[in-house]
Amino acid sequence: MVTSFSVNGKEKTVQVDPQKPLLWVLREQLDLTGTKFGCGIAQCGACTVHIDGQAIRSCVTPIASVAGKAVTTIEGLKSKSDEQHPLQQAWIEHQVPQCGYCQSGQLMSAAALLSENPNPNDADIDQAMSGNICRCGMYGRIREAIKSIAGSSVADQFYDAMETNHG
Amino acid sequence: MGKWTRRAFLTTGVMAGGGLIVGVAMRPGNQAGELSDLLGDDGGQLVHAYVRIDSDNTITAMVPHSEMGQGAQTALAQMLAEELDADWNDMRIEEAPAIGAYSHYSIGREYLLKGINFPDFIVPSIDGAMVKLMDNLGLQVTGGSTSIRVTGSLGMRVAGASTRQMLRQAAASAWQVPLKDITTDNSHLVHTPSSRRQPYANFVNEVAKMTPSQTPEFKKAEDYKIVGKFVPRLDIPSKVDGSAQFALDIRRPGMLYATVIRAPVFGATIVSIDDQAARKIEGVVNVIELPPAQSNMMIGGFQSSPAVAVIADSYWTAKKGRETLNITWSDVDLAARSSTDIFAQFARDITAPEERQSDRLQGDTPTQFLNASKVIEADYTVPFLAHTCMEPLNATAEISNGQCEIWVGCQNPLGFRKAVAEALSVDEDKVTLHNQLMGGGFGRKSLPDYAIQAAQIAKAVERPIQLIWSREEDIRQDFYRPAIQSRFRGGFDENGKLLVWENTYVNKAEPTEAPLIPYAVEAQDIGHVSSPTHVPFGAWRSVDHSQHGFFTESFIDEAANATGKDALKFRLDLLKDKPRHLAVLKRAAEEANWETPLAKGRGKGISLQESFGSIVAQVVEVSIVDKSVSVDRVVAVIDPGLAIAPDGMKAQIESGIIYGLSAAMYGEITIQDGAVVESNFHDYQSLRMSDAPTIETHIINSGHELGGGGEPGTPGIAPALANAVYAASGIRVRSLPLMKAFSS
């Protein structure tokens, strides 16, 4: 079956089994390997991407359900001015990644959180981020990195990035 | 081309294309030939096996350790840059490839396995270090928290200091000025009286002709500009934009995907495979049987059952195919088929005095027990644990014209290469291994079963293939952290002084000192019995310390409680001749406000553990509300001698604590009917952000020998947690995971 959707602002058409999860379409058909496989059953969050601005687990999202929608992956996470997203800068500043494997998913969950709620409290952060496992245990640093930009004007830049993706 | 002298530790050599090598020649022969491949044709100059200076004055540290998140590569480069007085902004890191010149692995293997004399080409000054190195799992193996301690101290620092010394000599000679007037600054040579200044790169050809010093003068710690300071990790930017390449991200032209299943019951073999349904799935290319794999290597030896592989045009298709397989496995006659049986077996075997082997025997324990005015006893158990690296096991292999190329993230590149060569029945030089970033390692990626499977599949299908294990396979086919039972008896005099410590446990592995205690207890009898199970086991972050840290630091707490003494004071009284331990423990208590009582339902627990050369104390604060345990805060203090990369050290302690806390709270692999019950993160839980405590890490740079950082955070968290739970609730948890005690 042919499915069309946009990824990071570009139109894509793939011909695959409609049940094939978005994760494997991204990795195998579109060569976007920044999105990771961790569990295959939406338990770990390593495969988190955005569909129309919402964080979803791409390992359990059939490609057919993505038709006509806008997908953003870690490769497309940017600020309004096409530079590094403020979260990515915060991640570097707080030296968050250890092995780094889960961090694409962590960043996508955090970006979706901030675009919805630019000023989250600890409970909001827990709620949004507890679907993402980090086996290196960098939860404290992730939390601090999110809080370092929460409430600031940079936090809402992601809205704009999403809008450009629709175009 | 310079000669790799037979006895040299450091040596120089000019490479083809005008390059220069100042190498670590660990064995005689033609290493330089192999190394020349690394230089490429960009005119790069390889100065030392650990260092290359390019014509644009960038300096590359060739790091013989893999990166699994621990940050060792950056820290090793810091050690090199410090002694070389390099400009950190122009430093690069490359992981050394899997060839013999970067490893003492093959030497270690020969030495250890064939019983030959210690190789004479190792200069006497480093003999002791070499023995220690092999003892610590070999050189290119990343594990045992050895990177900084061994490679850093013996390789990077020596390489840096020696190269700097030669550069100074070269400048003095070129400028015809006294050596004493030549100093270095940010990768430049400086003639102090005239302020003349030139980059290192201008002098590498002169250095090539020199003989490096085996014992160069090191900088004084107070002069350090890079070591012990915060420097941003060099690998982090690529890990925030999806560009970091892990093994799973390798793409080869025409590549197929594969997944595997091994017998759920360890040791079972394949009787028959019904793959009709799988072969009907569009995209499934083949279903094949993989022979059992094994290796008798000293380091990384293992045995694993045969497997069935499904090869398809997509991992997802291969996985679908795998789920339709109907495989009949052989019956295995197992004495203990379930976890209950296994722990019953431990409980039986632990009482077999004739089989007991001693780890430490001092003082007269029987008499002390007879004279004791109070005796306490306790039994502890910990379960099997899986590693669950975030990146499921995977490897990409391609075999053509008799050459095998393999891309894999692993903790032992040379060991993997050898194991793959053995499995394919080819010479090692027919296998090229490209080691990749690891999405976690934790010990699991030191065993090569998954790389062997990838090579077997590539050979069978004659196409490049990427083998990806499902998470279910990852959890059910691990080499598990062993389950252990440990039994204690302690005796006190009438003043509550601990006089005698008796401990017997099942199944000893490594490191040998893990069950030993630092406390000055006069009579000690620590020993173990063997009680083998059919469950495969391997190294798990901090290895035996992960179990014995829980056992010994829980029992010492019980001893304090039994005599009504404060848990901190009780320990301090037994550590009078251990100033480093005392300092660490006192600092942790101070930072955690140990003396300040907490509200009802809350409690503090403390632990002390020395492992991998570092001493760590932890204080945990918990709250218990309606039988729900919340870990609020962890204060950790580590004395690693000197933290090369303080922020990296803190990150590793945080990481080790969360890893150990996941296990202490939730971790349990259950065996039922011979097979693992758990399958994925829903039933083998990992700590999540909502459960994560705040962690405060403090470092004491005592100036002692360097200790590790990757593992020492892990052992102390479970006992500090259990001790805190006792303080908060009066419930003594002697069996992990803790949640089992609070689940009803």
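This is a predicted model: local features need pLDDT of at least 70, side-chain atom pairs count only at pLDDT 80 or more; totals for chains, interfaces and linings use all residues.

User: OK, how many helices and strands in chain B?
Analyst: Chain B has 18 helices and 30 strands. Those are DSSP runs, numbered from the N terminus: H or I with at least four residues for helices, E with at least two for strands.

User: And how much of chain B is buried?
Analyst: 56% of its 744 residues. Buried is 20 or more other C-beta atoms within 10 Å of a residue's own, exposed is 12 or fewer, and partly exposed is in between, with C-beta atoms placed from the backbone.

User: What's in the largest nonpolar core?
Analyst: It has 237 residues, and those with the most contacts inside it are Ala258(B), Ile406(B), Ala451(B), Ala454(B) and Leu721(B). Helix α18 of chain B, residues 717–729, gives the most to this core, with 10 residues. A nonpolar core here is a set of buried Ala, Val, Leu, Ile, Met, Phe, Trp, Tyr and Cys residues joined through C-beta atoms within 7 Å.

User: What does Leu721(B) touch?
Analyst: Skipping neighbours within four places in sequence, Leu721(B) is in contact with Gly605(B), Val620(B), Val622(B), Val631(B), Leu661(B), Ala664(B) and Leu738(B). Contact means C-beta atoms, placed from the backbone, within 7 Å.

User: Switching to Gly321(B): buried or exposed?
Analyst: Gly321(B) is buried, because 26 other C-beta atoms lie within 10 Å. Gly321(B) is found in helix α8 of chain B, residues 315–324. Its contacts, not counting residues up to four places away in sequence, include Ala278(B), Val284(B) and Val310(B).

User: How do α11(B) and α12(B) pack?
Analyst: Helix α11 (residues 413–424) and helix α12 (residues 449–461) of chain B pack at about 40°, with axes 9 Å apart. Axes are lines fitted to C-alpha atoms, for helices over the stretch in contact, and angles run from 0 to 180 degrees between N-to-C directions. That makes α11(B) oblique to α12(B): under 35 degrees counts as roughly parallel, over 145 as roughly antiparallel, 65 to 115 as roughly perpendicular, and the rest as oblique.

User: Which residues meet there?
Analyst: Among them, Phe416(B) and Val420(B) in α11(B), and Ala451(B) and Lys459(B) in α12(B). The contact divides into 8 nonpolar, 1 polar and 1 charged. Nonpolar covers Ala, Val, Leu, Ile, Met, Phe, Trp, Tyr, Cys and Pro, charged is Asp, Glu, Lys and Arg, and the others, Gly among them, are polar.

User: What about α2(A) and α3(A)?
Analyst: They pack at about 130°, with axes 10 Å apart. So α2(A) is oblique to α3(A). Leu87(A), Gln88(A) and Trp91(A) in α2(A) meet Gln103(A), Leu107(A), Ala110(A) and Ala111(A) in α3(A).

User: Last one: how many residues link chain A and chain B?
Analyst: 43 residues of chain A are in contact with 48 residues of chain B. The largest share on the chain A side, 4 residues, comes from α5(A). That side divides into 21 nonpolar, 15 polar and 7 charged.

How values were computed: Residues are numbered from 1 along each chain as its sequence is written. Chains are lettered from A and ligands numbered from 1 in the order in which they are written. Two residues are in contact if their C-beta atoms, placed from the backbone, lie within 7 Å.
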